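I opened this notebook to record how two copies of a chain meet. My entries follow the order in which I looked things up.

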Protein chains: 2
Amino acid sequence: MTGALGYVETQRAVVASADDPLVLRGGRELPYVEVAYETYGELSPERDNAVFVCHALTGDAHAAGLHLGDKKRGWWDNLIGGSRAVDTDRFFVVSANLLGGCSGTTGPLSLDPATGRPYGLDFPQLHMSDLVAVHRRLLAHLGINRLHAAVGGSLGGMQVLQWAMDVPDQIDRAVLVACSSRLSAENIAFSAVAREAIMSDPQFHDGRYVDHGVVPAYGLKVARMMAHITYVSGEMLESRFGRRRRGGEPSFDVDFEVESYLQHQGTSFVARFDALSYLYLSRLLDYFDAFADPRAEALRGCATRFQITSFDSDWRFDTGQNRRIVEELAARGHDVDFAEVHSPHGHDSFLLEPPGYHERIREFLR
Amino acid sequence: MTGALGYVETQRAVVASADDPLVLRGGRELPYVEVAYETYGELSPERDNAVFVCHALTGDAHAAGLHLGDKKRGWWDNLIGGSRAVDTDRFFVVSANLLGGCSGTTGPLSLDPATGRPYGLDFPQLHMSDLVAVHRRLLAHLGINRLHAAVGGSLGGMQVLQWAMDVPDQIDRAVLVACSSRLSAENIAFSAVAREAIMSDPQFHDGRYVDHGVVPAYGLKVARMMAHITYVSGEMLESRFGRRRRGGEPSFDVDFEVESYLQHQGTSFVARFDALSYLYLSRLLDYFDAFADPRAEALRGCATRFQITSFDSDWRFDTGQNRRIVEELAARGHDVDFAEVHSPHGHDSFLLEPPGYHERIREFLR
């Protein structure tokens, strides 16, 4: 079956419960964890063809195919499908929402069993290893011990790296795209402004906005509009919008096309994402520092093979940041398959199909 | 007298009144305009040694010296003084707050004579030429017809360019630092997010916040924190703050030093700048497009000499944007004194003293 997947459904699995709680790396416990996930393709009888897809900061489990009644295909639909780079005729693909997210996996808006209310800011701070732990429990639930590959872009790639450190040899092939082993000061600065916008919104109510029947929509919108600028390139904005106006006299309305584009990005984000999840996952990223983690030493001699891809116009996680991972892995004995791919689309290139990019992944997974 | 200036005072002049209103380029009139300004040095008997200093988006008239009781020197104190690049032993320096500003010159918080209330969003949209017109009226008030030089960084440099177009030959030497003839789509995008943060703050009250006894402090703070990232370089943030933390467990507080820095930038800005002025002046910048202005043709054959300086780490108004001005001027017959100066400090380099920068200005003004 060549091409796009048909209808798919998001499923749920309970992976932690009172008698088997999830102990977080920071020490706290979650007594109940549910995971939202999707699968595409068939698991082989030998259970050796599983590929795990890790999503980025604001992604979800719906990576490919269509939901019934929906028109928009999964966020990585161009990569995953029959005869695509992640070939669902060959692989059993698992895509799951992150711990701390807002699309079906336990997160800060989930009910705290201790109080019966949403956690809000009582939700614990998370470590990248905690995201890995939840997805490993999902794999166990699915009866899978070993991954043919784990594939992720941005935060997703960082999760793959942590996974390879936390559980050496569970992943045969680790595909990291447009990521970093640690955020730069500038990366953290942008995160800090986004959080400031969210938390200073009067409708944030100290994270108890659900109790007030509101969401900090203004702050979340501003956060996303700003972040979106860092996901694309100046070159892309210039060629797509330039200084084109929508007509009329100068005003504080949406005068320029690029403003209209950002408005759309901000508004649609508020409709699909949660402010607390944004806080928790962005903070987790700030603290991520893979090669300062003692577990990085487990990479020495482990059998996982790594492929790393950066994009030349990505200024959020630029080639230098990706190359640092290559060098740190090399220092631990790994011969990494690295390339910088040309693409004018900035960080978001990992969701697109610049020439050479999908071909690299296809080859590496073969 | 070598070195820093002593005490200086901000003065005010009325430059438009009911019988001599300021007709704006967009057609509306301001029936009363006051300008805040400072002067340093002595005007020569021939009145031929005046240098006009144009400030950037959020600057003010206090460019050099000390105000009585204040500890902080003027924002361009390192450039202006006895034997400094803009030598107050030789030049009579005039520095004035912009129309639309909030530091003594008429702006959106000024009283609208028609209503007796602050203008708020009834203040007219401004064109760069309007800022020039007000400062030209100030010069006339001071009895000055001709400028030995006009010097400006960022928006200030753009004002100098507009001035040279609007009134050919009034400026002998035009010094433009770290500016652009027109904002890029990315520049406009950042401006748009800043305005979104301000205008969506519930305390903005459609620009009538003064009537409510509040200011849109949250939005203005977020706007500045974000904008500040674009004023510095990633390299500077990395070397100065890196990933240094302030201790403690991960939280949504100010965990990283770079966050503390941004908090300080945001908070101190709210104390000194007005939200409406930010809207008006940032919007004016969005619309600025010097060489699309028919008046640019007046540059052909005009006697003004131009010096343009960019900084290699400035990604707000990068070397390409500065070079475009050089090329447009060259196409109109000007041999521009251009250089890209090395500095790790990003756009804000124009306020600092990277090697070679002040020397260039000193030479050019000689």
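I first compared the two sides of the interface and found that 100% of the interface residues of chain B are also interface residues in chain A, so the copies meet through the same surface; two residues are in contact here if their C-beta atoms, placed from the backbone, lie within 7 Å. I note that this is a predicted model, in which local features need pLDDT of at least 70 and side-chain atom pairs count only at pLDDT 80 or more, while totals for chains, interfaces and linings use all residues. Residues are numbered from 1 along each chain as its sequence is written, and chains are lettered from A and ligands numbered from 1 in the order in which they are written.

Next I looked up the symmetry: a rotation of 180 degrees with 0.0 Å of shift along its axis superposes chain B on chain A, with an RMSD of 0.0 Å, by least squares on the C-alpha atoms of residues with pLDDT of at least 70 in both. The two copies are thus related as by a two-fold rotation axis.

I then turned to the contact, which takes 38 residues from chain B and 38 residues from chain A. On the side of chain B that touches chain A, the largest share, 12 residues, comes from H3(B), where helices are DSSP runs (H or I, at least four residues) and strands are such runs too (E, at least two), numbered from the N terminus.

Last, I checked H4 (residues 217–231) of chain A against H3(B), and they pack at an angle of about 170 degrees with their axes 10 Å apart; axes are lines fitted to C-alpha atoms, for helices over the stretch in contact, and angles run from 0 to 180 degrees between N-to-C directions.
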